[in-house]
Amino acid sequence: MLDFAGFSLYLERRSYRRGVTAPFLPCISGSMTQPRKLHIKSFGCQMNVYDAQRMVDALAPEGFVETANPDEADLVILNTCHIREKASEKVYSELGRLRVAKDEAALQGRRMAIAVAGCVAQAEGAEIIRRQPAVDVVVGPQSYHHLPQLLAEAARGGRALETEFPVEDKFGFLPPPQPDAIRARGISAFVTVQEGCDKFCTFCVVPYTRGAEVSRPVDKIVEDVRRLADNGVREITLIGQNVNAYHGDGPDGRPWPLGDLLRHLATIPGIARLRYSTSHPRDVDQSLIDAHRDLPALMPFVHLPVQSGSDAILAAMNRKHTADDYRRLADRFRSANPAIAFSSDFIVGFPGETAEDFAATLALVTQIGYAGAYSFKYSPRPGTPAAELQETVSAAVMDERLVRLQELIDSQQSAFNEAAIGTTVEVLFERAARNPGQIVGRTAYLQPAHVMAGPEIIGRILPVRIDSLERYSLIGELAAPQPHAAFVTRPDSSPQSLPITTGA
Ligand code: SAH
Ligand code: SF4
Ligand code: F3S
């Protein structure tokens, strides 16, 4: 039992029994004359992006509407990431800033509540309560459906913490997004199909912050995807910390693998593109390979983190595969669909990584040829087995290795993007770009592509003749004759072309 002496108003919550919900504060639901403002700041991976939307959906019935300005918010939620030390430490500097905003609000006679959610909340909940008195609520990722109750408790003058893994499935209790919220979020949406991880890679906090691997049933996912498609969504990315370990109950009573789920979702009217992230090389099965062979809607862009090209380091990381296993896997994907391109994650400077180990990583990158990849310096995380390892790599060596790896990956990414120039590619148009008259969309490989056109092309997949490359953005013209075809195209400064963010 942790020691919480000195926090007399502190309330520790235990899991609710299945189907039992605590009463909301009577003033919250329905009777609000003015909407209350909610600001959410998310760090970390795509799961946090998705969770932020679900928290907005959970708080909408309580009268909350989103604001981009934290200073005017009645509730600020920090949705945090614990993956590396830097990501984790950010929370406390953010909270310092929010404390000032909360004091300012109080001077104006306004109450600003502060909640900390996400993986730091899960890992360091009690520490957050201890270190930052301005925090009202701490809520772990498996308990977002209890947010209204936790806020109600805090409003009664306490501080609420819930970092248990409740017995009930939060998805059964989170309200679905409203049609206008879906439309406002655009034509591409994430859907969580799997959460948690049982892999226990020795460097990684995720199995501790997100808990054991759980797959959602097929019919619930189909329901979510239909609702999204009915409200204009054209592209779905199925997400999970270990998405290809998916084995949700199918309508036939058997567990379905990810490939079968994708095959089924591809039949839903309106869904033009399917993606999934993040996969583990160990969990790629034939159903997934076959889905890439058979489904035109399944985009030929696979994020397949490998971390290292050295068998000794892969073993020390507990990745449970070799570099050759990974090469063979890449070959299987490419034989199923030669258009497939890969992205990946790498860690440099894992304890014990020698110059030869690192050379093996560079060799693997050269052999696979990536369209892009994320690379990180190893960060020891409290409670993980690797944090106990003594043979650490110096900061200077890590820096040097990271630069060399990133140079190699950047050169591959540039070559991949340049290869699009002069070709005609299909682009799913998403939104107006920053430059007037310009619309931006994504290619199959998530490269941003810009054309001059009217907003009526948003939500459509159209062929685009690529003329040039501006940083990571492709610039082109609609291949079919269009009224705006004579305009000169200019880029906006759209972000990177990689599929996901893997932690701050
Ligand atoms: N489930 C995914 C990755 C989730 S975490 C997988 O198995 O690949 C996202 C990425 O963060 C990881 O792929 C890894 O490259 C990086 N990462 C995780 N823990 C880290 C640590 N302790 N130090 C540095 N990078 C880390
Ligand atoms: Fe799980 Fe991925 Fe973390 Fe490994 S790196 S423990 S597979 S989340
Ligand atoms: Fe958690 Fe995602 Fe970060 S699972 S630790 S928010 S990368």
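Q: Before I look at the shell around ligand 2, how are residues sorted by class?
A: Ala, Val, Leu, Ile, Met, Phe, Trp, Tyr, Cys and Pro count as nonpolar, Asp, Glu, Lys and Arg as charged, and the others, Gly among them, as polar. By that scheme, the shell here holds six nonpolar, three polar and one charged residues.

Q: Thanks! What sort of model is this, and how is it numbered?
A: It is a predicted model, in which local features need pLDDT of at least 70, side-chain atom pairs count only at pLDDT 80 or more, and totals for chains, interfaces and linings use all residues. Residues are numbered from 1 along each chain as its sequence is written, while chains are lettered from A and ligands numbered from 1 in the order in which they are written.

Q: Which residues surround ligand 2?
A: A residue is near a molecule if its C-beta atom, placed from the backbone, lies within 6 Å of it. For ligand 2, the surrounding residues are Cys197, Lys199, Phe200, Cys201, Cys204, Val206, Pro207, Gln241, Asn242 and His280.

Q: What is the mean pLDDT of the protein?
A: pLDDT is the predictor's confidence in each residue, from 0 to 100. Here the mean is 89, with 88% of residues reaching 70 or more. Residues 1–32, however, have pLDDT below 50, and so do residues 482–497.

Q: How many helices and strands are there?
A: Helices (H or I, at least four residues) and strands (E, at least two) are DSSP runs, numbered from the N terminus. This protein has 13 helices and 20 strands.

Q: What is the strand order in the open sheet of three strands?
A: Two strands pair if DSSP finds at least two bridges between them. The order is β13-β14-β15, with parallel pairing. At the edges are β13 (301–303) and β15 (372–377), each pairing on one side only. Three bridges join β13 to β14 (residues 341–348), and Val302 sits opposite Phe342 in β14.

Q: Is Pro175 buried or exposed?
A: Count the other C-beta atoms, placed from the backbone, within 10 Å of a residue's own: 20 or more means buried, 12 or fewer exposed, and in between partly exposed. Pro175 is exposed because it has 12 such atoms. Its place is in the loop between β7 (159–162) and α5 (179–185).

Q: Which residues is Pro175 in contact with, leaving aside neighbours within four places in sequence?
A: A contact means C-beta atoms, placed from the backbone, within 7 Å. Pro175 has such contacts with Asp57, Ala58 and Pro61.

Key:
Two residues are in contact if their C-beta atoms, placed from the backbone, lie within 7 Å.
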